[in-house]
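Here's a quick briefing to read with the model open beside you. Take a look at the structure first, then work through the notes topic by topic.

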Amino acid sequence: MDWQVLQVVHRLGATPQHKLAEHIGRQRSTINGAVQRLLASGWLARAGRSGTGRGRPAILLAVERDAGCFAGIDIAASELHIALVGADGALLDDVSAPLGDDRTLPAVMDQIDLNLRGLLSRAGARPDRLLGVWAGVGGAVDHHGVVVTCASLGWHNEPLGDTLANRCGCKVLVQGSAPVMNAAAEALMGAGRDAESLVYFHAGRGISARFVQRGQQLAGATQRAGELGHVVVEPGGPACACGNRGCLEAVASGPAIVESLRRLPDSGLPASVVKLVRDSNGCPASKIVGAAHREWSGEVGDPLTELFSRATNHLAMGAAMAVAAYDPQVLVLGGYLFENNVGLLDAVRAALEKMVLDWDTRGLDVVEGEVISQNRAVGGAAEMCQRFWANPRGVVVG
Ligand SMILES: [Zn+2]
């Protein structure tokens, strides 16, 4: 009961107590008991009185902003970014620090500890009111929060989730992929901050779309909503890591484009691109695609023209499917394929105009993502906050 009352107050904002009974459909005395317990435990606060109506003004109840907080921790290749948001999802503070030379899990944990404690103390938040932590790391992570591999940190099978949960004493979510966090950060403080609804279309190592409506991300029944990367767009096409053939990701992701570039003869590529593509040290896909796109003349007969028009069309198809499915106000194009690559962004936008139904009357805003890595931690913290409000049961007793 208590958590239900808290959830409703969070949703409605400052609310008189008698409204709660209407919303929850329980007796006033039951609601009153829950409200008294929540006031005593510091989850609810009195937030003034309702003004203009006839009769006695009612005391308004609101969620106590300091009732809890959520942390986002982004462990990048050489830096640590940590952000803290309050119970209402507002950013309290954030910090970035270079990782020390020792990148083992215990050493990184000590650095996290130190920075997180500093943030909590600056924000005046009690460590025991840390209600959720999201940690992101660039690598493969299993369902138990174990980092299976993270090349940049040299981690193999490191139990990041359990270690963090023990230190922080709260629920911890570990993610190896960025799109969910990027979408949350774009909605909260990035390119979609003024939009009621947005689709974040991510094209980098993978391809996916996330839908956010009024700050709420659609996750789906199995957290797979928006996994467009594995929709088959070329039956019988190139093999995909998922085991299928011709998935969107297998033809238009960063690695797929690099693979297509590798298959072209050197004579068909600009010298600077050949150097990157044949680099035995493994040049990052983002750099290769960016360089190839800048060098592309756009002339008919240029092998790059065929390669990039195919990739552009497939990316636009993916984004158009997302727009058709979710009908957003704003479409944010993010991920390394679009970063610092205005050419590709414009090409996809132009292709979209021809693919999206009722383009002229829809008023869809297609914008470049603004989230930089520091903001991913903020997005992670905001995401944890949202997940808490979707189901506060278990944390709020009663
Ligand atoms: Zn696939």
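A salt bridge here means a side-chain nitrogen of Lys or Arg within 4 Å of a carboxyl oxygen of Asp or Glu. Keep in mind that this is a predicted model. With that cut-off, the side chains of Glu 259 and Arg 263 make a salt bridge, at 4.0 Å from N to O. The whole structure holds 15 salt bridges, a zinc ion sits among four named side chains, and the disulfide count comes out at 0.

- Glu 259 and Arg 263 are 4 residues apart in helix H8, so about one helical turn separates them.
- Glu 259 also pairs with Arg 262, in a salt bridge of 3.9 Å from N to O.
- Arg 262 and Glu 259 both belong to helix H8, which covers residues 254-263, and they are 3 residues apart, again about one turn of the helix.
- As for accessibility, Glu 259 is partly exposed at 38% relative accessible area, Arg 262 is partly exposed at 34%, and Arg 263 counts as exposed at 57%.

**Salt bridges elsewhere**

- Arg 214 and Glu 196 form a salt bridge, with their closest N and O atoms 3.1 Å apart.
- This pair links distant parts of the chain, 18 residues apart: Arg 214 is in the loop between strand S13 (207-213) and strand S14 (216-217), while Glu 196 is in the loop between helix H6 (179-189) and strand S12 (197-203).
- Arg 214 counts as exposed, with 60% relative accessibility, whereas Glu 196 is partly exposed at 39%.
- There's also a network of salt bridges, and it links Asp 110, Asp 113 and Arg 167.

**The zinc site**

- Which atoms hold the zinc ion? The donors are ND1 of His 230 and the SG atoms of Cys 240, Cys 242 and Cys 247, at 2.1 to 2.3 Å.
- Along the chain, the donors follow the spacing H-x9-C-x1-C-x4-C.
- The arrangement is tetrahedral, because the 4 donor atoms around the zinc ion subtend angles of 104 to 123°.

- A search of the whole structure turns up 0 disulfides.
- A disulfide would need two cysteine sulfur atoms within 2.5 Å.
- For Cys 69, the closest cysteine sulfur is the one in Cys 170, 8.7 Å away, so that's too far for a bond.
- For Cys 170, the closest cysteine sulfur belongs to Cys 168, and at 5.1 Å this one is too far for a bond as well.
- Cys 69 is buried, with a relative accessible area of 2%, and Cys 170 is buried too, at 13%.

**A nonpolar surface patch**

- Which residues make the nonpolar surface patch of about 270 Å²? Val 231, Met 317, Met 321 and Met 355 do.
- One of them, Met 321, is found in helix H11, which runs over residues 303-326.
- Met 321 counts as partly exposed, at 32% relative accessibility.

Methods. Residues numbered from 1 in each chain as written. Predicted model: local features only at pLDDT ≥ 70, side-chain atom pairs only at ≥ 80, totals over all residues. Heavy atoms only, no water. Buried < 20%, exposed > 50% of the residue type's maximum accessible area, 1.4 Å probe, protein only. Patch = residues over 30% accessible without salt bridge, like charges linked within 9 Å, V, L, I, M, F, W, Y side chains within 5 Å. Areas by Shrake-Rupley, 256 points an atom, 1.4 Å probe, with all protein chains shown as cover. Helix = DSSP H or I, 4+ residues; strand = E, 2+ residues; numbered from the N terminus. Donors = N, O, S within 2.8 Å, 3.2 Å for Na, K, Ca; no water. Tetrahedral: all angles 85-135°; square planar, octahedral: opposite > 155°, others 65-115°.
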